[in-house]
Amino acid sequence: MINSRYKKSEIIELKREYTEDIRKEIIAFANTNGGTIYVGVDDNGDVIGVEDCDALMLKIGNSLRDSIKPDITAFIHYDNLVEHDKNILKITVQRGTLRPYYIHSKGLKPSGVYVRQGFASVPASDMLIKDMIRDTDGDSYESARSLQQKLTFKRLKHEFDGKTLAFNDSQKRTLGITEFDDIYTNLGLLLSDQCPHELKIAVFQGTDGYIFRDRREIRGALLEQLYEAYAYIDNRNAVKATIEGLHRKDKRDYPQIAIREALLNMLVHRDYSYMASPTIGIYDNRIEFTSLGGLPPRTSLDDILLDGFSLCRNPKLANVFYRLELIEAYGTGLQKIMDAYKNKTVKPQIIVTTNAFKLILPNCNIDEPISEHNVPKISYQQEEQIINLVRDCGSIKRSDVDTELKVAQATSGRVLRRLVEKGRLKQIGKGRSIRYILSDTM
């Protein structure tokens, strides 16, 4: 006859005796809405009893501490119940605050993460695991727990050793590579030898991108990708020799510092929540660096081009690169690129859309504006369209031009600069408050 006091439900689990499978039930309750496990009671609710509750509590406690991550012990309470002269171990599990909890040896995947579903504890789906991480860790990609926990850091340690910097468990926590219970974060994943992201490089014949000359997919730790990509591009950065009087003068197609900063910008500031690979396209007249994610929220192209402006999407990743002396100061990369072309006929271009960022470096040895190939031309009709918009509104922002012409930020910025240079518009304000009004001469 079933004992009504002990009845299996969504929040009650019955165990005739202790087995290691009890970990699944504890994890499931901690990941869902909590619950109670009675050890020494069979599925019918009959009391079987356990021999030594104290010894069993100790055994279970040690097992949970060693095998479940994050540490779940603060959410577990044990009671020794006596019924019909038989001991029952009552285990009360609260909903945890660092979900998802998982079997350490299995990792953050369905075989290691369980949730309560009806009367059963079942593996959580990949989507549910990600949702729990997002709910607990927030929306910051680099600070969230990595789904991959078996990570190694041979390349990163090599870089730290080269700078005589410590790289131990304490340093990993300080940098944000690990969090509570030494669990690896997504920052750790990016810097690890197991980094799942890759970088794609393609070399094209001519300027249209129809014929491939070569291509490369670069994998590994981000630092590995940085050095390999730079070496690959540098190997194709041709030198043009000219004779000035008695002296020979060599000039690279692309300033090396511009390539360096473009690569750093691509790796440090990209949105890693996108799994799609960033791409580098090498053409006869330009190099295009394209990554997904666009600009950080509430940031415009005008903002990032301001001298000294710094708003980093991945500040912890940037800090690691800063410590390794790859970044000298935050917010100076784009300015260094522009400065590298300061005395050049051709200039870099930036194209920004909602979900993408493209930086175009022109070939310094080809005196030909890259805008003819990859930046939309602005017609007289479009200029007049903007002038009429200013007349109607009194003043406009750059984003108003985005909407009016349905173009990217880089294109709208070019329209406004051209109209200012022609004396048709006047720029007022600074930073985010920049607006454009009709010139007094009109």
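This is a predicted model: local features need pLDDT of at least 70, side-chain atom pairs count only at pLDDT 80 or more; totals for chains, interfaces and linings use all residues.
1. **Helix α4, inward side.** The helix runs over residues 154-162, and its buried residues are Arg155, Leu156, Glu159 and Phe160. Those residues sit on the same side of α4, because they cover an arc of only 135° around the axis. As for what lies over them, the cover includes α5 (169-175), α6 (186-191), α7 (222-235) and α10 (315-323).

2. **α4 against α7.** One of those covering helices is worth a look by itself. The axes of α4 and α7 come within 8 Å and cross at roughly 75°, which makes α4 roughly perpendicular to α7. Arg155, Leu156 and Glu159 make the contact from α4, and Leu223, Glu224 and Tyr227 make it from α7. Sorted by class, the contact of α4 with α7 has 3 nonpolar and 3 charged residues, with no polar ones.

3. **The residue to check after α4.** Thr164 follows α4 and is found in the loop between α4 and α5. Its phi is positive, about 50°, although Thr164 is not a glycine. Is Thr164 buried or exposed? It counts as exposed, because its relative accessibility is 73% and the cut-off for exposed is over 50%.

4. **Another positive phi.** Glu325 isn't a glycine either, yet it has a positive phi of about 60°. You'll find Glu325 in the loop between α10 and α11. With a relative accessible area of 55%, Glu325 is exposed.

5. **Cis peptide bonds.** Have a look at the bond between Lys69 and Pro70: it is cis, with omega about -15°. Pro70 lies in the loop between β3 (68-69) and β4 (76-83). A cis peptide bond also joins Arg99 and Pro100, with omega about 5°. Pro100 belongs to the loop between β5 (86-93) and β6 (102-103).

6. **Cys195.** This cysteine is in the loop between α6 and β9 (199-205). Why does Cys195 count as buried? Its relative accessible area is 7%, and buried means under 20%. Leaving out residues up to four places away in sequence, Cys195 touches Leu189, Leu190, Gly220, Ala221, Leu222 and Gln225. The C-alpha atom of Cys195 is also 9.4 Å from that of Gln148, 47 residues apart along the chain.

7. **Thr207.** Go on to the loop between β9 and β10 (211-218) and you reach Thr207. It counts as partly exposed, with 28% relative accessibility. The C-alpha atoms of Thr207 and Arg286 are separated by 7.9 Å, although the two residues are 79 apart along the chain.

8. **A buried lysine.** Lys336 belongs to helix α11 (residues 333-340). Despite its charged class, Lys336 is buried, with a relative accessible area of 18%. Which residues does Lys336 touch, not counting those up to four places away in sequence? They are Ile257, Glu261 and Glu328.

9. **Helix α1.** The buried residues of α1 include Arg23, Glu25 and Asn31, along with Ile22, Ile26, Ile27, Ala28, Phe29 and Ala30.

10. **α13 against α14.** Helix α13 (residues 380-393) packs with helix α14 (residues 398-405) at an angle of about 125°, and their axes are 11 Å apart. The two helices are therefore oblique to each other, and their crossing is right-handed. On the α13 side, Gln382, Gln385, Ile386 and Leu389 take part, meeting Asp400, Val401, Glu404 and Leu405 of α14. The residues of this contact divide into 4 nonpolar, 2 polar and 2 charged.

11. **The chain as a whole.** The secondary structure comes to 15 helices and 18 strands. Of the 442 residues in the chain, 49% are buried. Among contacts between residues at least 6 apart in sequence, 61% join residues at least 24 apart.

Notes: Residues are numbered from 1 along each chain as its sequence is written. Side-chain values use heavy atoms; hydrogens and water are left out. Buried means under 20% relative accessible area, exposed over 50%, partly exposed in between (1.4 Å probe, protein chains only). Helices (H or I, at least four residues) and strands (E, at least two) are DSSP runs, numbered from the N terminus. The arc is that of the directions from the helix axis to the C-beta atoms. Contact means heavy atoms within 4.5 Å. Axes are lines fitted to C-alpha atoms, for helices over the stretch in contact, and angles run from 0 to 180 degrees between N-to-C directions. Angles under 35 degrees count as roughly parallel, over 145 as roughly antiparallel, 65 to 115 as roughly perpendicular and the rest as oblique. A crossing is left-handed if the near helix is turned anticlockwise from the far one by less than a right angle, and right-handed if clockwise.
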